[in-house]
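Colleague: I have a structure open and would like to go through it with you. Shall we take it question by question?

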Amino acid sequence: MSRATFYLRQKSLARGNVLVFAGIILSLPLSHFPHLQQNPWLIVPTLLIALGTAETFRNIERRWSFYHAGVILCIYMDLMALFLVLFFLICPYLALGAYVR
């Protein structure tokens, strides 16, 4: 790992991806996946993923390059992870005919 990973003032794509991955891993046991249960603590991984997405967004360059394209793909991955955790958070409260314990 480079030194930029540990300094918050410097941009780091790895730090953003690690935060998002940690948020997904944390959300699975909190939601009791695959039997989704209500748990307000799922706000913590949601905020962690939002912070990781903001950190990834800091790495966008002004001019197009393959690095810029890779960062955009990472942002799309971060948004999919964010909506997955939001689904884990909101779905048990709605109970739209799904089997929810």
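Colleague: Which residues form one aromatic cluster?
Modeller: Keep in mind that this model is predicted. One aromatic cluster turns up in it, and its members are Phe33, Phe87 and Phe88.

Colleague: How many aromatic pairs are there?
Modeller: Ring centres must lie within 6.5 Å to pair. By this rule the count is 3.

Colleague: Is the pair of Phe33 and Phe88 stacked, edge-to-face or tilted?
Modeller: A pair of aromatic rings is described by the distance of the centres and the angle of the planes. For Phe33 and Phe88 the centres are 5.5 Å apart, and the planes make 45°. Stacked needs under 30 degrees, and edge-to-face needs over 60.

Colleague: How many residues apart are Phe33 and Phe88?
Modeller: Phe33 sits in the loop between H1 and H2. Phe88 belongs to helix H3. The pair links distant parts of the chain, 55 residues apart.

Colleague: Is Phe88 buried or exposed?
Modeller: The relative accessible area of Phe88 is 3%. Buried means under 20%. Therefore Phe88 is buried.

Colleague: What kind of aromatic pair do Trp64 and Phe66 form?
Modeller: Their ring centres lie 5.3 Å apart, with 65° between the planes. Planes over 60 degrees apart count as edge-to-face. So the pair of Trp64 and Phe66 is edge-to-face.

Colleague: Are Trp64 and Phe66 buried or exposed?
Modeller: Relative accessibility is 59% for Trp64 and 70% for Phe66. Exposed means over 50%. So Trp64 counts as exposed, and Phe66 also counts as exposed.

Colleague: Is the crossing of H1 and H3 left-handed or right-handed?
Modeller: Handedness describes how H1 passes H3. Here the crossing is left-handed.

Colleague: How many nonpolar residues does the contact of H1 with H3 have?
Modeller: From H1 come residues including Val20, Ile24 and Leu28. From H3 come Met77, Val85 and Phe88, among others. By class, there are 3 polar and 1 charged residues, and the nonpolar ones number 11.

Colleague: Are H2 and H3 roughly parallel or roughly antiparallel?
Modeller: Helix H2 spans residues 43-57. Its axis comes within 9 Å of the H3 axis, and they cross at roughly 170°. Therefore H2 and H3 are roughly antiparallel.

Colleague: How many nonpolar residues are in the contact of H2 with H3?
Modeller: On the H2 side, Ile43, Ile49 and Phe57 are among the residues that take part. On the H3 side, they include Ile75, Leu82 and Leu89. The contact has 4 polar and 1 charged residues, and the nonpolar count is 13.

Colleague: What separation do the C-alpha atoms of Leu13 and Phe57 have?
Modeller: Leu13 is in helix H1. Leu13 and Phe57 are 44 residues apart along the chain. Their C-alpha atoms are separated by 8.7 Å.

Notes:
Residues numbered from 1 in each chain as written. Predicted model: local features only at pLDDT ≥ 70, side-chain atom pairs only at ≥ 80, totals over all residues. Heavy atoms only, no water. Left-handed = near helix turned anticlockwise from the far one by under 90°. Helix = DSSP H or I, 4+ residues; strand = E, 2+ residues; numbered from the N terminus. Contact = heavy atoms within 4.5 Å. Nonpolar A, V, L, I, M, F, W, Y, C, P; charged D, E, K, R; others polar. Axes fitted to C-alpha atoms, helices over the stretch in contact; angles between N-to-C directions. Parallel < 35°, antiparallel > 145°, perpendicular 65-115°, else oblique. Phe/Tyr/Trp six-rings, centres within 6.5 Å; stacked < 30°, edge-to-face > 60°. Buried < 20%, exposed > 50% of the residue type's maximum accessible area, 1.4 Å probe, protein only.
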